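Visitor: I am new to reading protein structures, and I would like to go through this one slowly. Could you take my questions one at a time?

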Amino acid sequence: MAEELGGAAVSGIASKVVELLFDPIREEISYVCKYQSNVKELKNVGERVEQAVKHADRQGDDIFSDVQEWLTKFDEWTKRVGNAVVEDEGEDEANKKRCTFKDLCSKMMTRYRLSKEAAKAAREGNIILQRQNVGHRPDPETMERFSVRGYVHFPSRNPVFQKMMESLRDSNVNMIGLYGMGGVGKTTLVKVVARQVVKEDLFDVVVDAEVTHTPDWKEICGRIADQLGLEIVRPDSLVEKANQLRQALKKKKRVLVILDDIWTQINLDDIGIPFWDGEKQSVDNQGRWTLLLASRDQHVLRINMSNPRIFSISTLADGEAKSLFEKIVGDSAKESDCRAIGVEIVGKCGGLPIAVSTIANALKGQSTHVWKDAINWLRKSNPRKIKGMDADLSSIELSYKVLEPEAQFLFQLCGLLNDGSRLPIDDLIRYVFALDNLFTGIDTLEVARNRVYTLMDHLKGPCLLLNGDTEDHVKMHQIIHALAVLIASDKLLFNIQNVADVKEEVEKAARKNPTAISIPFRDISELPDSLQCTRLKLFLLFTEDSSLQIPNQFFDGMTELLVLHLTGIHFPSLPLSLGSLINLRTLSFDCCHLEDVARVGDLAKLEILSFRNSHIEQLPEQIGNLTRLKLLDLSNCSKLKVIEPEVMSRLSRLNELYMGNSFTRKVEGQSNASVVELKQLSSLTILDMHIPDAQLLLEDLISVDLERYRIFIGDVWNWSGKYECSRTLKLKLDNSIYLGYGIKKLLKTTEDLYLDNLNGIQNIVQELDNGEGFPRLKHLHVQNDPKILCIANSEGRVIFPLLQSLFLCNLILLEKVCGSQVQLTEDNQSFTNLRIINIEQCHRLKHLFPSFMAKNLLQLEELEVTDCKILRMIVGEETNNHDHENGSMRVLNFNHLHSLALRRLPQLTSSGFYLETPTTGGSEEITAEDDPQNLLAFFNKKLFGCAGCFSRAEEVGNGLN
């Protein structure tokens, strides 16, 4: 009996085990069998959900976000499955008979996957259907609060809208900021975002307030309290309002607070909003609190928020601005007389919505005369005269009024330069230095430079100034520049506009005894004989008319002038009255044609002198009289042949000397300045120069510590180009004997180094930097050298810790980039910032880096190797390193690599480690033009010296011939 009972128990247990083991298997198999029924069930559920959503829409409900997401996924799934079913059902009998076992397995796996997806989605859909509602009725008052009258959707706004919504849906984000210039549409976008938040029911409470530049905190508290339905006991007390508001908000679980148009730092707790220092939760550490701030100034957002997500809103695209303008003005935009004017008006508005809409409304239904009058005012940088624009400009002007005085004056200076599209930073620095009475503590050029960059940041914060197309320039939006012109003119700084008679306009401005006059590229053919402007500090004249002459007595009445900047003028001789500018501190002749400049030597107080881009053949001995000179700019004076001896050495206070692409010609039989004169310039901090002949070098050419420099030595260098670093050195010496103390000193500080034919150097690091490893170097280019064997082979040192790019070309004896003597400890930072490697025509190179270096190359983004006849491997060599023994390999993922080009490398073979094919690691594209099959095969062999995956490599070019 006992045996029978025991057997029955064992049998029961076994049966249960079998059931537990096989039920999941049975369930998985059932997905294949129930393919049709699961798909059908999901379609039925989807139709019912769609009907429920349509009904909710008709009732005016906003659909819950999870329901919308389910429907979106259902639609995508339906399309995908529909295509699969059509292909399955469309298969004819003949094809079914030819179906192989492999085809059958593939078809069953597809059915299994789709059936399982359908069953899961149907369950989720049924859960939705079990709810009472698929949406919610939005609060009409809240929706009305965030309504935007006449709202127009612009596609260019989509990216920032989507990013803001993603952040608001993310429960880990509690602070969001939006900034942009005045009138660009921040408030509109915030309201659109708020409406979407309410529709998606992301928060229980959404409150908002406009702060403005003169905030009334009691009114702001009261507005938020009204939105919550609170009755404040003591409405006149800010403290009482804040306390009641704080207690009411703390009872809410999900709260979004929107504060628009903020101008300064806000103490949120003082106005009853229980936020502090980036805390994610409320004071009771429950629920979700999120803050959305909008401001003109990104700096204001940063001081008010900890770890925020900050987004910017820019101006409209050209097509959007045109569409908005045409939508408002209606049929008038189509009339032939107005069409061209409309295009120009839209261009002058620069995509600023407030300007486009205001001017369009002013022109709607008006005659052609009104349109012509409007464009005339815009051309004169005076949009205030257009109906409605005065209020808009006053609103934008608030950003200017809150600036400190020095930033305001720099804003005015920017209004004097052309149309604002290209403002040279160097010119602003030189003006500010000379106008030091308007700026506190400007006693050196470096102080002026730092002050200008600081003030530019202050202007960029509220978008009154924008980054330029190059690092040397900034720019202004067209409407902002027009505002700067108007404000400057109120301060007696005149930007002379293109009127019918520019000469008369100049005389009219002069009668107002101005502080500054600028004539930037205007249609002027004649200047007044003289200008009596006893208070004039700055005069700018830019022209492209080489026939324009400056009368001899023109400057007689400008004895207080501090800055004179002339561009594009032909001077057979300098005006006699130039000598009367006894207080002049900055004098610039840019792009001028100059015959004799000896008269400049009489300007004893001159501290900045520029002949940049000018046609000048001789710098006379009188220039040596300018003993106060701190900056001399001879950049791109390609015709300069003669600098009188001892002129340079007498300029003992010189801080900055710019001679790039200048004074590079030898003149036979002519006494001339010598490089040795540079030794006398003990105050020099910035130097740009090109010495074509290395034989002119002295051992101690540079005896001072330069802060910035671009020095080219040798006849192979082209001065033009873009330079990202402040210290660039290019050397072609032909013989290493020219590597004296001065050059060695520069090598220790250079950031961008070019070497060509040093003829005698074999080890770059050891011989050029005494083995110190170039601690500041960011970019290294080495080319055309017959002796170099190795770039680095120094023991026990960190080498190239900051190096970002390495270019090696035509080094016929180069055997190694990094030799085996280099020993890397765990914390060794050699090559750890290297992102770009480009190697070409190095025919004795067998590998690029030893295998033990691979772990330091993980930031690599671009690798290009071309025409290296015996290159066998990219990373790897025979080494005493035992990392690879017994099949043990360190896995290294080169996740940043996005460009890989291997061209004409006939000996490239497997050697020492595995590399996964880029396409298996998630890359987007691989191309191999000459031998794709062999090339891809190399990726799966031991091509790189440790187990690695170049997971983002996108391009492999030209194969491995």
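Visitor: Which residue stands opposite Asn838 in β33?

Guide: Since this is a predicted model, we are reading a prediction here. Strand β31, residues 836-840, pairs in the parallel sense with strand β33, residues 862-866, over five bridges. Within this pairing, the residue of β33 that stands opposite Asn838 is Glu864.

Visitor: In the open sheet of five strands, which strands stand at the edges?

Guide: The order of this open sheet is β4-β5-β6-β3-β7, with parallel pairing. A strand at the edge has a single partner strand, so one side of it is left without a neighbour in the sheet, and this holds for β4 (205-210) and β7 (309-312).

Visitor: By how many degrees are neighbouring strands of this sheet turned against each other on average?

Guide: The value is an average for neighbouring strands of this sheet, and the direction of the strands is ignored. Taken in this way, the turn is 15°.

Visitor: What angle does the direction of helix α7 make with that of β7?

Guide: Helix α7, residues 158-169, packs on the sheet, where the strands that it touches are β3, β5, β6 and β7. The direction of the helix makes an angle with that of β7 of about 165°.

Visitor: Which residues have the most contacts inside the largest nonpolar core?

Guide: The largest nonpolar core has 130 residues. Leu259 touches, among others, Ala209, Val211, Ile266 and Leu291, not counting residues up to four places away in sequence. A second, separate core of 125 residues includes Phe611 and Leu848. In the largest core, the residues with the most contacts are Leu259 and Leu413.

Visitor: Over residues 910-937, how many contacts beyond near neighbours in sequence are in the model?

Guide: The protein averages a pLDDT of 81, and 80% of the residues score at least 70, but over residues 910-937 the pLDDT is below 50. Where pLDDT is low, the predicted coordinates should not be read in detail. With that caution, the number of contacts that this stretch has in the model, beyond near neighbours in sequence, is 82.

Terms used
Residues numbered from 1 in each chain as written. Predicted model: local features only at pLDDT ≥ 70, side-chain atom pairs only at ≥ 80, totals over all residues. Heavy atoms only, no water. Pairing = 2+ DSSP bridges. Helix = DSSP H or I, 4+ residues; strand = E, 2+ residues; numbered from the N terminus. Axes fitted to C-alpha atoms, helices over the stretch in contact; angles between N-to-C directions. Contact = heavy atoms within 4.5 Å. Core = buried A, V, L, I, M, F, W, Y, C linked by side-chain atoms within 4.5 Å. Buried < 20%, exposed > 50% of the residue type's maximum accessible area, 1.4 Å probe, protein only. pLDDT = per-residue confidence, 0-100.
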